[in-house]
Amino acid sequence: MKCEIIEDLLPLYIDCVCSAETREEVSAHLNNCEKCKKSYLEMDFTEEKLKVNKPASLEPQRFSMIRQWYASILQSILLLVSFGFITIGVFLENNFSPNGFYAGVIVVPFTAMLLTQLSYFFLHLYKNRRQFVIATILIQALFTLCGYAFAIDYYCYFVPSADVTKAFVLSTLLDLGIFPAGLIVCLVLLLTGFFFSNKFAQYCGKD
């Protein structure tokens, strides 16, 4: 086989896409021809260098950045919504219902949801998405319970009224519908937190 033909076949030979018979002929020729062997070594070295220096695809990196952007938007929405409802609840409580109705139905549940957003910054500490979602829901439930405990103490000791006891406050919560209404709101927010924390972890690449 002529050297010109061998040089034309070298790219196929290097990429192992030629037939077995052609490969044997090229190998036999390279063993006996220093000129073609030199061309083969130079071409093979160039191919390897191109493989090593080939830039990684930017698509996965770009896709990851888009998902991180979605996660940031999602968290911003949760923060704004929570803060907005807290502001509305405080306004309504101070101006229309000083007995704690709006505090129990709006302020406490949405404050718990707002504080839970802090756990989103520690997503990297969790091994997978499931652990993060469970931890987030538990944290939100804990903040909610602490909020109601603080609210009961507040209305017992800091609201100016005569002989207010915790038993009186608890009965008042039931009579005014604060407890059932607040419970419904808390359950809705827990389900919302479950959905958004799952989406947030998914956008951040947690399996």
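**Figure 1. Contacts and overall composition of the predicted chain.** Among the contacts in the chain with a separation of 6 or more, 69% are accounted for by residues 24 or more positions apart. The model shown in every panel is predicted. The chain contains eight helices and zero strands, and its pattern, read along the sequence, is α-α-α-α-α-α-α-α. Of the 207 residues of the chain, 30% count as buried.

**Figure 2. Close-up of the crossing of helices H1 and H2.** Helix H1 spans residues 3–14 and helix H2 spans residues 20–32; their axes come within 10 Å and cross at roughly 120 degrees. This angle makes H1 oblique to H2. The crossing of H1 and H2 is left-handed. On the H1 side, the contact is made by Cys-3, Ile-6, Leu-9, Leu-10 and Tyr-13. On the H2 side, Thr-22, Arg-23, Val-26, Ser-27, His-29 and Leu-30 take part. Classified by residue type, the contact of H1 with H2 has seven nonpolar, three polar and one charged residues.

Figure 3. Gln-75 is found in helix H4, which covers residues 59–95. Gln-75 counts as buried because its relative accessibility is 10%, under the 20% limit for that class. The side chain of Gln-75 reaches the backbone oxygen of Gln-117 at a distance of 3.5 Å. With residues up to four places away in sequence left aside, Gln-75 touches Gln-117, Tyr-120, Phe-121 and Phe-200.

Figure 4. Thr-116 is placed in helix H5, which comprises residues 101–116. The relative accessibility of Thr-116 is 1%, and Thr-116 therefore counts as buried. Apart from residues up to four places away in sequence, Thr-116 touches Thr-136, Ile-139, Gln-140 and Phe-143.

Figure 5. With a relative accessibility of 37%, Ile-66 counts as partly exposed, a class that lies between the limits of 20% and 50%. Ile-66 and Cys-204 are separated by 138 residues in sequence, while the distance between their C-alpha atoms is 9.8 Å.

Figure 6. Phe-150 has its place in helix H6, formed by residues 129–157. Phe-150 is exposed, because its relative accessible area is 58% and the class begins over 50%. In sequence, Phe-150 and Val-108 are 42 residues apart; in space, their C-alpha atoms are 9.4 Å apart.

Figure 7. Ile-184 lies in helix H8, which runs over residues 178–203. A relative accessibility of 54% means that Ile-184 counts as exposed. The C-alpha atoms of Ile-184 and Val-105 are separated by 8.7 Å, although the two residues are 79 residues apart along the chain.

Technical notes
Residues are numbered from 1 along each chain as its sequence is written. This is a predicted model: local features need pLDDT of at least 70, side-chain atom pairs count only at pLDDT 80 or more; totals for chains, interfaces and linings use all residues. Side-chain values use heavy atoms; hydrogens and water are left out. Axes are lines fitted to C-alpha atoms, for helices over the stretch in contact, and angles run from 0 to 180 degrees between N-to-C directions. Helices (H or I, at least four residues) and strands (E, at least two) are DSSP runs, numbered from the N terminus. Angles under 35 degrees count as roughly parallel, over 145 as roughly antiparallel, 65 to 115 as roughly perpendicular and the rest as oblique. A crossing is left-handed if the near helix is turned anticlockwise from the far one by less than a right angle, and right-handed if clockwise. Contact means heavy atoms within 4.5 Å. Ala, Val, Leu, Ile, Met, Phe, Trp, Tyr, Cys and Pro count as nonpolar, Asp, Glu, Lys and Arg as charged, and the others, Gly among them, as polar. Buried means under 20% relative accessible area, exposed over 50%, partly exposed in between (1.4 Å probe, protein chains only). A polar contact is a pair of N or O atoms within 3.5 Å; within protein, one must be able to donate a hydrogen and the other to accept it, and residues adjacent in sequence count only if both atoms are side-chain atoms.
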